[in-house]
Amino acid sequence: MEAQPPALLSAPRMLTLVGSILVSLSSGTNYIYSAYAPQLGARLFLSHTQLNVIGLAGNVGVYLSGPAWGRVVDTKGPRIPLISAFACLLIGYLGIRGIYDNGAGTAISFMHLIILIACTFITGLAGNAGLAVAVNTTAKSFPETSRGTITGLVLSGFGLSAFFFATVASITFPGDTSALLLVLGLGAAMPMLLGLVIVRQIPLPPPSTTLGIEGGLRGHEGYHPIPSGDAALFIHENDSNTSLLDPTELVHEAPNYHVPESSTAVELVSDRIISRGSSARRSASRARPVHDGPNVYGKQLWLTPDFYLIFVIMALLSGTGLMYINNVGSISQALYAKGNPNYDELEASRWQAAQVSTLSVCNFAGRILIGLIADLIRIRLRLPRAYCFCIVSTLFVVSQLSAISINDVAHLWKATALLGLAYGGLFGIAPTIIIDWFGLSHLSENWGYVSLSPLVGGNIFSLLFGRNLDSHASDDDTGTHSSLPLARRGGLPSEHQCFDGRDCYVSSLYVTVTACLIALVLSVWAGMRDQRKTAEAKREAVWDAED
């Protein structure tokens, strides 16, 4: 007899979930960059633009490798990505630490700058490898009804990574940047080895169990992902609860399955012939297994308008988030230095660390909350999860407006918390919407292509922010902005530091507010578009049933 898959709350499934969260926790170390970037710049005499280029290298590693890692995970499983992540984390962070330790008091050479960028890049490669494994494995190990919550839980570990490692380093090695880099190298790499043992896909239970979570067959009906043009084919069946069919129907099911072309978005259902004239009904136990919606990937994905819609929304919002995340340390230093004749480098570092911790915790919370909200919207309100983009976009707009209005570093946590919730929510809901729109079979590959979007927004906004800071720092050299002795300022070298508070960066925030407002409009359109297409799919199902 063939072995039955483990139950939904079985030990193997829970162990996979815990292992995926640990792998995800070790994959988000790029978010801690702001915790050591100013110190790295001070020790190696780097400008803000150079620091942003180094930080962007990690982001490029994360997002540029997405399609490749996605294909590997989909076709080869988790082993290769996890081993690669282990090696890349060790080499990357220990390489950065070596350059930092050997660069005291001397300007960094061009070759060392290239090596520094390369080391940061491969830590990004490791982050995406681990995250692709964690998300893919859990998405295929839990049913659709709880997928938003489970995916958000796994992704929350990615957001909490900066807080976790920064806290460990501050408790064990307070104020020691070199030790922080060592903790990142060793502490992030080891869970990848653990993942080799415990992270594996667990087959789902029989359909009746899966449907029972949502209240039986009745709870499963009524929702279908967005079809894209004629690249969508939905073949629906009606259960014993439906009122659309005459009670005298008899359904004869052929043993084979109808499988359309690979480029077509499909639900796999049994071919069936419906005849009238019998009082028999098909019972709930005859419910057929259903493939999770469409199956759009490869060339067909690039021909789908919905792909470009989510790509643009992600580019605008994630670009805003990456700009803030990579520069929140410099923002806090600029605010702390404004009008402060008793600048204390240690105190400035504490404010800097507080922002990184606040951002990380709220990033974590945002990924969990958006998963719960998404499932509530989907199951209780019967609305598409795409409406969650509206919530996320609104949070981004409010966070940027808040940052513009803040003049005191003591209040910066408000903007940081809002940005963290928004950024976590964005990356918590995006994979679930990708499943809804394009299907589960090629989740990692499709998510990899969508993950290219932060490269666009992140590069534009972060480089704009860095150049803006450098231009104000150059003005400070002329003495036009600060009458305080630069020698007493600490932090970055005086020629690369701006001490004018919000004036150092506020023009960059006006740009991101505009970008987030555009994303909000597109998010409303995405939700309405999804809802309209779902309604059209329902009508087509009714027509098919009547035929």
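**Entry 1: S141**

I looked up S141 and found it buried, with a relative accessible area of 0%; buried means under 20%, exposed over 50% and partly exposed in between, using a 1.4 Å probe and protein chains only. I place S141 in the loop between α6 and α7 (147-172). Helices here are DSSP runs of H or I with at least four residues, strands are runs of E with at least two, and both are numbered from the N terminus. Setting aside neighbours within four places in sequence, I see S141 in contact with R13, T16, R200, Q201, I202 and L204, where contact means heavy atoms within 4.5 Å.

**Entry 2: what I am reading**

This is a predicted model, in which local features need pLDDT of at least 70 and side-chain atom pairs count only at pLDDT 80 or more, while totals for chains, interfaces and linings use all residues. Residues are numbered from 1 along each chain as its sequence is written, and side-chain values use heavy atoms, with hydrogens and water left out.

**Entry 3: the whole chain**

I note 18 helices and 4 strands in the protein chain. Of its 547 residues, 57% are buried. Among contacts between residues at least 6 apart in sequence, 83% join residues at least 24 apart. The chain exposes about 21,400 Å², and carbon and sulfur atoms supply 64% of that area; accessible areas come from the Shrake-Rupley method with a 1.4 Å probe, and for residues only the protein chains shown count as cover.

**Entry 4: salt bridges**

How many salt bridges does the structure hold? I find 7, each being a side-chain nitrogen of Lys or Arg within 4 Å of a carboxyl oxygen of Asp or Glu.

One of them joins E445 and R71, at 2.8 Å from N to O. E445 is in helix α16 and R71 in helix α4 (residues 66-76), so this pair ties together parts that are 374 residues apart in sequence. E445 is buried at 2% relative accessible area, whereas R71 is partly exposed at 43%.

Another salt bridge pairs R529 with D306, at 2.6 Å from N to O. R529 sits in helix α18 (residues 506-546) and D306 in helix α12 (residues 305-337), 223 residues apart. Both R529 and D306 are buried.

**Entry 5: two packed helices**

At what angle do helix α2 (residues 33-44) and helix α5 (residues 79-101) pack? I read about 40°, with the axes 10 Å apart. Axes are lines fitted to C-alpha atoms, for helices over the stretch in contact, and angles run from 0 to 180 degrees between N-to-C directions. Angles under 35 degrees count as roughly parallel, over 145 as roughly antiparallel, 65 to 115 as roughly perpendicular and the rest as oblique; α2 and α5 are therefore oblique to each other. The contact uses Y36, Q39, L40, R43 and L44 of α2, and Y93, I96, I99, Y100 and D101 of α5.

**Entry 6: positive phi**

I kept in mind that most residues other than glycine have a negative phi. F45 has a positive phi near 55°. I find F45 in the loop between α2 and α3 (48-64), partly exposed at 33% relative accessibility. R382 also has a positive phi, of about 60°, although it is not a glycine. R382 lies in the loop between α13 (345-379) and α14 (388-405) and is partly exposed at 42%.
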